[in-house]
Amino acid sequence: MTLPNRGPAPLSVASSGDLPATADVVVIGGGIIGVATALDLARAGHGTCLLEKGIIAGEQSSRNWGWVRQAGRDLRELPLSSLARRRWQTLSDRIGPDLGYVECGIAYVARSSEQAARHQAWVTEAAGHGITARILDPESLMAIAPGLARTGLSALYLPGDGRAEPQSAAPLLAREAVREGASIHQNCAALEIETDHAGICGVRTERGQIATRSVVVAGGIWSAPLLRRLGVELPQLKVLSSALRTGPLTEAQSSAFIPCLSLGGIALRHRADGGVTMASSATAVAEIVPDSFRHMQAFLPGLRSMLPGLKLRLGAATLREAGWLLSGSALERSLTRHRIMDPTPDRRALQQVKRRLAESFPALADLEEVQRWGGLIDVTPDVIPVISTAAGVPGLVVGTGFSGHGFGIGPGAGRVLAELATDQRPSVDLREFRLDRFGKGGRVEIQSWL
Ligand SMILES: Cc1cc2nc3c(=O)[nH]c(=O)nc-3n(C[C@H](O)[C@H](O)[C@H](O)COP(=O)(O)OP(=O)(O)OC[C@H]3O[C@@H](n4cnc5c(N)ncnc54)[C@H](O)[C@@H]3O)c2cc1C
């Protein structure tokens with residue numbers, strides 16, 4: 001059987017009519033970060049225009065596992081992830097069950113005493129931030145994952161963590177943003193951010209200009225080259241991560257494990273359609289591009305700690321991105337040609353996931369695979385995002401580099417990005433997410449708890 005090698009289809013969102021001539025704020029990028037920002041801006045009464053080169057949630061935001069977690073997060077992200085959790089609850093009350101937000105708990109099973117010690121240390125640190133996590137002893141773990149073949153394991157467990165449906169969450173937020181007055185334009189790439197003596201003055205798109213004094217760049221993997229045209233340097237690499245989904249589970253298979261579980265390099269999530277999304281959390285592939293050489297030194301420690309199975313290779317991006325350095329029009333061509341980045345998933349990584357799943361949960365050995373896909377993750381050197389204004393470019397706000405965990409934090413990030421874009425005091429302290437932390441003399445710290 002030939003399996004479709006395409007990403008999951010997000011819920012459709014109707015585009016607004018003509019591009020507005022002016023906007024209070026232009027948001028570039030229709031992933032979870034951009035739509036959450038646009039929603040908060042529009043609700044607060046600001047004239048908001050969101051530009052998406054493809055379709056809402058076509059890239060990372062529909063391809064992720066759907067975990068909404070605090071467990072094991074970098075401690076610097078905890079205040080923002082707490083805000084995000086409150087936002088998910090409010091959005092779920094407003095939008096309803098289609099969002100798929102459920103606080104079902106997430107468990108990280110420890111496979112070594114070193115990993116168990118890291119989990120214990122995180123529980124202690126997180127308690128200082130008011131987060132109640134716990135370590136499940138082997139008996140408690142078996143109670144929530146009775147299908148496990150191996151006994152004697154412990155797990156980091158956070159009952160308030162949960163999941164949402166990636167194919168519907170960002171589109172539903174986008175529809176809500178339109179209801180609140182935002183205009184959303186799909187198949188409309190922002191080609192260049194324009195400046196004058198006072199800072200940002202507009203955005204040139206493939207369908208014309210929009211005059212604005214405020215732009216939020218939430219372009220996922222495309223953010224760095226767009227910012228470079230403004231003279232703003234953002235160290236950001238793209239890492240391929242692969243996932244697959246199965247058909248509906250039987251009742252016995254469903255009850256083998258709680259809805260979100262990570263074990264030995266595989267991650268599992270029960271889906272609203274009765275199937276399961278599974279993925280490798282330990283392996284990833286990065287294509288070698290010009291930025292790999294410019295920033296590799298800064299990146300290697302973070303990538304190794306996050307992804308011990310990282311592989312580097314040459315690929316189509318190698319030549320494409322070399323072209324971006326030579327001319328702005330090469331980037332513009334890429335933005336309008338690659339409406340949706342749909343990379344080929346890593347076959348070996350997915351084979352390994354299936355093998356490990358069968359070993360760990362024998363009852364799940366025969367699940368029927370119905371789709372597999374790849375997604376390109378935007379990673380920063382310290383594996384936490386940039387949520388920041390930019391020195392020297394008044395009116396520019398950057399919200400990107402969520403490094404593989406921006407879905408869960410998205411509604412919180414949207415809130416603070418909207419605040420930054422309208423000169424309000426952000427609801428949480430954003431010092432750790434400043435863009436200039438990567439500049440000369442900046443100290444890049446990597447936290448590894450999982
Ligand atoms: C396989 C996989 C599993 C993951 N699992 C999880 C998880 O379980 N939990 C979690 O929290 N996170 C997870 N993540 C990470 C999460 O998906 C991302 O951090 C999050 O979706 C990033 O959202 P975003 O809006 O920044 O980027 P994206 O969703 O990539 O959106 C950016 C959008 O900007 C558009 N764009 C870019 N440039 C332009 C331009 N110039 N003009 C117009 N539009 C433009 C793009 O087309 C794209 O649609 C996972 C990611 C992957 C790939």
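Author: Let's start with ring pairs: rings of Phe, Tyr and Trp (its six-membered ring) pair if their centres lie within 6.5 Å, and planes under 30 degrees apart count as stacked, over 60 as edge-to-face and the rest as tilted. Here, such pairs link Trp-65, Trp-67 and Tyr-108 into a cluster. Bear in mind that this is a predicted model, where local features need pLDDT of at least 70, side-chain atom pairs count only at pLDDT 80 or more, and totals for chains, interfaces and linings use all residues. Residues are numbered from 1 along each chain as its sequence is written, and side-chain values use heavy atoms, with hydrogens and water left out.

Reader: How many aromatic pairs does the structure hold?

Author: Six. One of them joins Trp-65 and Trp-67 edge-to-face, 5.3 Å centre to centre with 70° between the planes. Trp-88 and Tyr-101 are stacked, because their planes sit at 10°, with centres 5.6 Å apart.

Reader: Is Trp-67 buried or exposed?

Author: Buried means under 20% relative accessible area, exposed over 50%, partly exposed in between (1.4 Å probe, protein chains only). Trp-67, at 7%, is therefore buried, while Trp-65 has 22% and counts as partly exposed. Trp-88 and Tyr-101 are both buried.

Reader: And sheets? Which strands stand at the edges?

Author: In general, strands of a sheet pair through backbone hydrogen bonds, either parallel or antiparallel. DSSP must find at least two bridges between two strands; strands are DSSP runs (E, at least two residues), numbered from the N terminus. Here three strands make an open antiparallel sheet, ordered 9-10-11. Strand 9 (190-196) and strand 11 (208-211) are the edges, since each has a single partner strand. Strands 10 and 11 pair over four bridges, and Thr-205 has Gly-208 in strand 11 as its bridge partner.
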